[in-house]
Amino acid sequence: MAEKDLLTGEHFIHGDAACAEGGIAAGCRFFAGYPITPATEVAERMAARLPQVGGIFIQMEDEIASMAAILGASWGGVKSMTSTSGPGFSLMMENVGLGMMTETPCVVVDIQRAGPSTGLPTLVGQADVMQARWGSHGDYGCIALAPSSPQECFDYTVLAFNYSEIYRQPVFVLADEVVGHTTEKVVIPRREDLRIVARAEPQAPAHDYLPFDSAGPLPAPMAIAGAGYRVHVTGLTHDERGYPVITDVVQERNVRHLVDKIRKNADKIIRAEQIHLDDAEVVVVAYGCTARVARQAVEDLRRRGHRAGLLRLITLWPFPSQIVRRLATTVKAFIVPEINYGQMAYEVERTAGGGVEIVLMPLMGGSIHTPEEIEEAVGEYL
Amino acid sequence: MPEESKKKILKPLKNFPLEEHIASGHRACQGCAEVLAVRHVLKAIGPEMVLAMATGCMEIISSPYPLTSWNVPWIHVAFENAAAVGSGVEAGLKALRRKGRVPDKEVTVVAMGGDGGTSDIGFQALSGMFERGHKMIYVCVDNEAYMNTGIQRSSSTPFGASTTTSPAGKMSPSGQNTSKKDMPGIAAAHNIPYVATACPSYYSDLMKKVAKAKEADGPAYLHILSVCPTGWRIPPEKAIEYGQLAVDTGIFPLYEVDHGVWKMSRKPKQLKPVADYLKGQGRYRHLDETLIAVIQKGVDEKWERLLKMTEMTGPATSEQPAQEE
């Protein structure tokens, strides 16, 4: 029997709704958002569903406020989330940086459309990949997950919440319009089959507690407001206690920690699906809706006896550099179809080094690749 | 002969400009009173204008190539910045005129946005425009929700309306549970020369106000109730009627604030009950008598407050309009 907070069973829903259900299943009880195509349906679902599970939905006056509100809710002790698309994602960026600096767990779902600016509001794009990585000023580590189906919208929103709690920072779900608006079967698992990371509570006595301790491999547990700990939260460069210290020495520790907590744990975070890679001569690197097309192309080529493979990126960030670096020594070429003018292709090129051909198959947005196009591009190197 | 017959038809609409600055054939929904409001605003201003328009219904329905409806210089900006872009246009034109780089003639700068683009995301830019004192008109075409993205609430959505993000139901009997943001009041609080509310159901009043806004010696703000049959879930042919009802029930009073002097533009002797306005609208279908009473009480209080404002600020021999039936 499904309970309201976990609708165990089979559903026929779109990716946007699946993101909302993933959030609720992961324990999200606060959503602040703003209407924007093609992510509005996430907010609409949350508006209907959160009151049913004792959560709160607030529609904010813009995306700046939406991002700020979920940071506040997180410090108030609630798992929180927002959803948006390109222009709204741009507006959120200052507060994304605040979330990174204050190490505040939360999840931002970005259903990508084609940009820049208003762009193609109703049509697909994948051009927020680099914005997710570098969008806010300053240095910080980034986790971004790219679902390829409504099922994965559910699964990776749950995973994003888990990552956000473990690594204590905003985590992105970078879906795209095609995935967000595709309606498919989504299986919501039973509670015992779902791994949910609860928020860690500090164990140290109040006078010893360091809310921004960077000594260990993971961030310190986060004391929420009113839990009896004295916590100073600031966007200024701060020491382990959270107090602003405006020196290069503290900046060095502070920023290194923000980057290293992801960089040093990258192996544990990275997810990638490796299809027919063992003997592949040509590897397609794809993510989001493009990965589904690429998969069709690779399977077709295999059926015809060609040694094609697919590296499907699930974590866009951290990027699976080791896998690419290893493949670069054996394959002839990487084919990178993406709905932008070369964002992941740069990353593949950077990690692969100079010895291998990198072929970018860009689309500016509004349409998706066909398997035939990808087969043709792969065929040139077989 | 055809000329004469035209004259005859147009007789009641004396001084109604025939030029169209927004062409027909756009993609607005049937019965859209918002595009009607835009049409009237443009007619009253005339062709010498630059229009900065926020993202929203009016931008989407009027501009997809090759079907632009605009016969005036028009710039589509982002969602939040019509007032800021308009400020730049006004300041830029002023500088160019001073340097003699553009002809020394009056060009009206207009910024336009929907209720979301005005009272939510564009609020900050709007306040900045007022405070800096740009000589331009800001027009809010208010259809009381984010209709372009599919009927989500805005801060201009009235209490009791059901939208997709304020759905009426067991958890929230009223649907939207906060009251409509008083944008004209907020604009007036900036002490700008001219603020007015209008509704295309009363088009001559609307156009008179636009003409006044054009002549104002600083920022002017027009808040226009724009009936949206799609979002309010009413038959398209009822759009004008519901606009009239909104005014005559006191839900949306017509008034102006001219240099701090509040003045009613339409003062029915007896306001109609709000239930007349609420019934038949799908967005209010869930309301029961208790909730309707709450709305009625709010409207009565607001009406009284408005009357007091007109008494307080009006000159002793105020030219209040004759009371109408």
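The predictor gives the complex an ipTM of 0.82 and a pTM of 0.89.

**Confidence in chain B**

- The average pLDDT of chain B is 92, and 93% of its residues score at least 70.
- Over residues 5–11 of chain B, however, pLDDT stays under 50, and the model has one contact beyond four places in sequence for this stretch.
- Where pLDDT is low, the predicted coordinates should not be read in detail.

**Form of chain A**

- Chain A contains 13 helices and 15 strands.
- The radius of gyration of chain A is 21 Å, close to the 21 Å that the globule rule gives for 382 residues, so chain A is as compact as a globular protein of that length.
- Taken along the principal axes, the C-alpha atoms of chain A fill a box of roughly 65 × 50 × 40 Å.

**Where the chains meet**

- The contact involves 18 residues from chain B and 16 residues from chain A, and the two chains bury about 1300 Å² between them, with 60% of it on carbon and sulfur atoms.
- On the side of chain B, I121(B), T149(B) and T165(B) lose the most area to chain A, and together they account for 33% of what that side buries.
- The residues of chain B that touch chain A divide into six nonpolar, nine polar and three charged.
- Across this interface the rule finds zero salt bridges, whereas six residue pairs are found in polar contact, both residues being at pLDDT 80 or more.

Technical notes:
Residues numbered from 1 in each chain as written. Chains lettered and ligands numbered in written order. Predicted model: local features only at pLDDT ≥ 70, side-chain atom pairs only at ≥ 80, totals over all residues. Heavy atoms only, no water. pLDDT = per-residue confidence, 0-100. Contact = heavy atoms within 4.5 Å. Buried area = accessible area lost by both parts, 1.4 Å probe. Salt bridge = Lys/Arg side-chain N within 4 Å of Asp/Glu carboxyl O. Polar contact = N/O pair within 3.5 Å; in protein donor to acceptor, adjacent residues only side chain to side chain. Nonpolar A, V, L, I, M, F, W, Y, C, P; charged D, E, K, R; others polar. Helix = DSSP H or I, 4+ residues; strand = E, 2+ residues; numbered from the N terminus. Rg over C-alpha atoms; globule rule 2.2 N^0.38 Å.
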